[in-house]
Amino acid sequence: DEAPPPAPAEMSVRLPAPIFPGISAGGGVEAKVRVRSFQLVGKRDRPYAESIPQLVMVHRKMGAMLAEKFPEPAGADKLLPNGSYECRFESMDEVFSFIGEAVGACELSLGEDVTVLLDLAATSFFKENTGEVGSYMYSPEEGTDIEADEWPDWVTQLIGKHSYVSGVVDPVAKEDYETWRKLRQLM
């Protein structure tokens with residue numbers, strides 16, 4: 001007579017917050033805004049049945065607002081292959097402001113109902129050897145060049161300024177190990 005097997009332990013599953021495409025800047029040093037994307041994130045503590053329709057509503061509102069804001073050249077509301085809208089803004093602050101307007105127009109709260117995941121893709125705007133040996137520069141938007149030593153402070157200030165940024169992806173260039181170490185210490 002063997003003892004019955006123990007009852008299975010109660011399992012708790014926590015799904016990640018839903019992430020939806022927002023604005024894609026595409027990156028590269030020829031663009032005005034060079035970070036890869038600004039993605040919409042639903043709240044982690046809400047059911048998907050609530051968060052996903054909210055994200056869809058904001059995404060559609062962004063398309064309608066882009067078509068009004070940028071009538072020429074046409075197609076500002078056209079989706080890119082990744083489902084996001086092309087960035088036609090002059091600065092990151094303009095993108096953040098636009099996302100806030102779209103969220104507000106949907107009668108939602110930026111930071112409460114929707115947050116932003118910022119995919120910096122810093123390797124795409126990282127400039128190596130800009131003069132002195134070992135001198136590196138980040139250029140996240142046109143007219144903004146930041147020395148690698150100052151980059152961790154810039155990233156943390158950006159997050160502090162836009163408290164609804166819930167995450168940052170690829171915040172340093174893949175070959176810039178020293179700046180990565182400094183940024184991790186700050187965060």
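## Ground rules

This is a predicted model, so local features need a pLDDT of at least 70 and side-chain atom pairs count only at pLDDT 80 or more, while totals for chains, interfaces and linings use all residues. Residues are numbered from 1 along each chain as its sequence is written, and side-chain values use heavy atoms, with hydrogens and water left out.

## Overall layout

The protein has four helices and eight strands. Here helices (H or I, at least four residues) and strands (E, at least two) are DSSP runs, numbered from the N terminus. Reading from that end, the elements go β-β-α-β-α-β-β-β-β-α-β-α. The C-alpha trace spans about 80 × 45 × 30 Å along its principal axes.

Of the 187 residues, 43% are buried; buried means under 20% relative accessible area, exposed over 50%, and partly exposed in between, with a 1.4 Å probe and protein chains only. The accessible surface is about 10,800 Å², and carbon and sulfur atoms hold 51% of that. These areas come from the Shrake-Rupley method with a 1.4 Å probe, and for residues only the protein chains shown count as cover. As for contacts (heavy atoms within 4.5 Å), take those with a separation of 6 or more: 63% of them are between residues 24 or more positions apart.

Two strands pair if DSSP finds at least two bridges between them. On that basis there is an open sheet of five strands in the order β3-β1-β2-β4-β8, with mixed pairing. Its edges are β3 (85-86) and β8, each pairing on one side only.

β4 and β8 pair in the parallel sense, over four bridges.

## The three-stranded sheet

A second open sheet has three strands in the order β5-β6-β7, and the pairing is antiparallel. β5 (126-127) and β7 (144-147) are at the edges with a single partner strand each, so one side of each has no neighbour in the sheet. As background, strands of a sheet pair through backbone hydrogen bonds, either parallel or antiparallel.

β6 (residues 137-141) is joined to β7 by three bridges, and E141 has T144 in β7 as its bridge partner. T144 counts as buried because its relative accessibility is 17%. Setting aside residues up to four places away in sequence, T144 touches Y138, S139 and W154.

## The largest pocket

The largest pocket holds about 170 Å³ of space. The search uses a 1 Å grid over the protein atoms alone: a cavity is a set of points where a 1.4 Å probe fits but cannot get out, whereas a pocket is an open set with protein on both sides within 12 Å along at least five of seven lines. Grid points are joined across faces, edges and corners, and the volume is the space filled by probe spheres set on the points.

Lining residues have an atom within 4 Å of a point, and here they are P16, A17, I19, V41, G42, K43, R44, T115, L117, S166 and G167. By class, the lining has five nonpolar, four polar and two charged residues, where Ala, Val, Leu, Ile, Met, Phe, Trp, Tyr, Cys and Pro count as nonpolar, Asp, Glu, Lys and Arg as charged, and the others, Gly among them, as polar.

## Two positive phi values

Most residues other than glycine have a negative phi. E107, in the loop between α2 and β4, has a positive phi near 60°. A121 is not a glycine either, and its phi is positive at about 45°; A121 is in the loop between β4 and β5.

The two also come with their own accessibility values: E107 is exposed at a relative accessible area of 74%, whereas A121 is buried at 6%.

## Loop and helix residues

R88 sits in the loop between β3 and α2 (92-105). Leaving aside neighbours within four places in sequence, R88 is in contact with F70, P73, A74, G75 and A76. R88 and F38 are 50 residues apart in sequence, with 13 Å between their C-alpha atoms.

P53 belongs to helix α1 (residues 48-69) and, at 44% relative accessibility, counts as partly exposed. P53 and E175 are 122 residues apart in sequence and 39 Å apart in space, C-alpha to C-alpha.
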